[in-house]
Structure formats: structure tokens, C-alpha cells
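Okay, thanks for coming, everyone. Let me put the structure up and then walk you through a few parts of it.

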Amino acid sequence: ATPTALMVGTGRGAQLGILIKGPEVLESTRRVDTVVLDKTGTVTTGRMTLQEVYAADGTDEEELLRLAGALEHASEHPVARAIAEGAGERVGALPPVERFENVAGLGVRGTVEGHEVLVGRARLLPGPLPAGLARALEDAEREGRTAVVVAQDGAARGVLAVADAVKGTSAEAVRSLRALGLAPVLLTGDNRTVAESVARAVGIDEVIAEVLPEDKVAVVERLRAEGRTVAMVGDGVNDAAALATADLGLAMGTGTDAAIEAGDLTLVRGDLRVAADAIRLSRRTLSTIK
Ligand code: ADP
Ligand code: MG
């Protein structure tokens, strides 16, 4: 009966939009008691838009957007896409990039029109932000936006704020995961204020924010060391290692190939509610076998 039950389970899984890597995956679904959810692209849509542009005194807003937009055009990060698109809409054609460097989980650096340009988290800058920019950044974050700094030739010149929406289905998904006995944890590289506002919107109280991509694995390991059995749901390149480390890795099918390869299960349509379906189905399939 074992192979038949498994086939039924995976056949039903395919109908629901769940791809399962192998039967050994099912066993861990019985024990999971914690579900770590990536924020951007998993709980939120990941389709960010540029919402606010703040240029420091004496800085030309168009010039700021041209340089930042050009640099971000070379990156595939959701924040970068929003900035490149928003800049393109506001200032037209963007100049080419002469040099480009990605600083994972923090931002981008490079050369545009002979200027050294940086776009990313304030901690990429050597010194503190000028007061006006610091205030603009704080205001944007308080409103739940992701705010990044633009620097030109070593000096901070502006703040850009982007935002994406929480998926309409995320709160229901979190309720279903709780009903299965899983404690939800929100994990993100984004700032704490934004993370907490998203968590509140979907009913999560445990928030781990401002985590660098390479440290997401350490968070999963720490939770496991505390005796928890961890499922992780993610979509990004920055989630791949954590998905592989978790007891059960669930990749959003709408996410990156790296995440899909690292996961044990793929949620084909990128619907977080299906994470709960997947765990429920696997548990049921297991009880049919036993
Ligand atoms: P998440 O864990 O939510 O998927 P990331 O680890 O990818 O987020 O990014 C964390 C933060 O680093 C972003 O919220 C942003 O502030 C900054 N960041 C990352 N990449 C870029 C970029 N290309 N341009 C600007 N900021 C960036
Ligand atoms: Mg993500």
C-alpha cells in the first residue's frame, strides 16, 4: 500500500500546485512546529514601486534619480527594479553603467557617468547621515516603506522609499499554518519597522529583521538548536541556503531558481496558503501509509 498512498498524495499535490522532491520529504512534515517566512516575495508581492524621492539641499532630484536608476538597472533585486522603473518613468532614458558591484542584502555600488554611486542601506556609508536625510529615512520607514540612501562620490545625497503590498492571501495563510500547530516567524533583511508592520498585518508576532543573506541560515540553525523543527518558506537567492538547512524547505514557484533547487517542496503558483495545504496533505498521506 505504501507506493500507492504516496502516489495518491503526490497526485493530489500536483493538483494543488505542490511539487514534492521525494517521499522522504513527507516524514518531516509530521514534526514541524515552526514556520519561518521570508518577507519580500513570500508574504508580500515582491513587486515594489518607487513611492518617494527625497533629495538633500543642493542636490538635483533628476540627477539623483538618473544615477540611482542607472545603477539599479543592473540589479535584479525587487528594490532595484522599483528604483530603475520609477527613475525611468520620471527622467526618461538612463545612462549606461561603467562598473557594477552587488553587496548582498545591503545594496549596490558602481560607476555612472564618472561618478561613484551607491544605493542601499545606510550602514554601507562610512559616516552618519546628514540630519535631513536621516529624518526622511525614518519617516519613510515609520510608514512601512523600505528606504535606501543614494550617495554620490562618497556623500549621501538622497533617500528613496519603495514599498510593496502584503499579499491578500497572507493573513489567511498564517491562520491556517497556526491551525496546524506551527508558530510563524517573519525573517527578513529589511528594516525592523517595515518588518513589524508587515508582521502585524498578517498576524505574526515573532519578527527577525535586518538579517544579512548569509545569516538567514544561522537563524534557522539557532531555532533548530532551541529544539524546534523548522519549515522555511522563501523565494529569493538569499533564502536558498536557509531553505536547504531547514527541516522542510518550501520554495515559492514564482521565485528564483536557486530557491526552487534548494527546497524540498515547491508551491508552484506562489500562493502561501498552499504551504498549509502541503503540510496537511503530507501528514494525511503519511497516516494513510502507516
Ligand atoms: P529580504 O530578506 O526581505 O528578501 P534582502 O536581504 O534581499 O531582503 O535585502 C535587504 C535590504 O537590503 C533591502 O530591504 C534593502 O534595504 C537593501 N538592498 C538589497 N539590495 C538592494 C539594492 N539592489 N538596492 C538597494 N537596496 C538594496
Ligand atoms: Mg524574498
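So, in helix α6, four residues are buried: L133, A136, L137 and A140. By buried I mean that 20 or more other C-beta atoms, placed from the backbone, lie within 10 Å of the residue's own; exposed means 12 or fewer, and partly exposed is in between. Those four cover an arc of only 100° around the axis, so they sit on the same side of α6; the arc is taken from the directions that run from the helix axis to the C-beta atoms. As a reminder, an α-helix has 3.6 residues a turn, so residues three or four places apart point the same way. Over on the other side of α6, A131 and R142 are exposed.

Quick housekeeping. This is a predicted model, where local features need pLDDT of at least 70, side-chain atom pairs count only at pLDDT 80 or more, and totals for chains, interfaces and linings use all residues. Residues are numbered from 1 along each chain as its sequence is written, while chains are lettered from A and ligands numbered from 1 in the order in which they are written.

What covers the buried residues of α6? Among other things, β3, β7 and β8 do. Helices (H or I, at least four residues) and strands (E, at least two) are DSSP runs, numbered from the N terminus. The helix, residues 131-142, lies across those three strands and runs at about 10° to β8. Angles go from 0 to 180 degrees between N-to-C directions, with axes fitted to C-alpha atoms, for helices over the stretch in contact. Contact means C-beta atoms, placed from the backbone, within 7 Å. After α6 comes G144, with a positive phi near 85°.

Now the sheet. It's open, with six antiparallel strands in the order β3-β8-β7-β6-β5-β4; strands pair if DSSP finds at least two bridges between them. β3 (49-55) and β4 (97-103) are at the edges with a single partner strand each, so one side of each has no neighbour in the sheet. From one strand to the next, the twist averages 20°. Between β7 and β8 there are seven bridges, and T146 stands opposite V162 in β8.

Last, the cores: sets of buried Ala, Val, Leu, Ile, Met, Phe, Trp, Tyr and Cys residues joined through C-beta atoms within 7 Å. The largest has 47 residues, of which A231, M232, L250 and A275 touch the most other members. Helix α12 (residues 273-289) gives the most to this core, six residues. A second, separate core of 37 residues includes L137, the α6 residue we met as buried.

Technical notes: Two residues are in contact if their C-beta atoms, placed from the backbone, lie within 7 Å.
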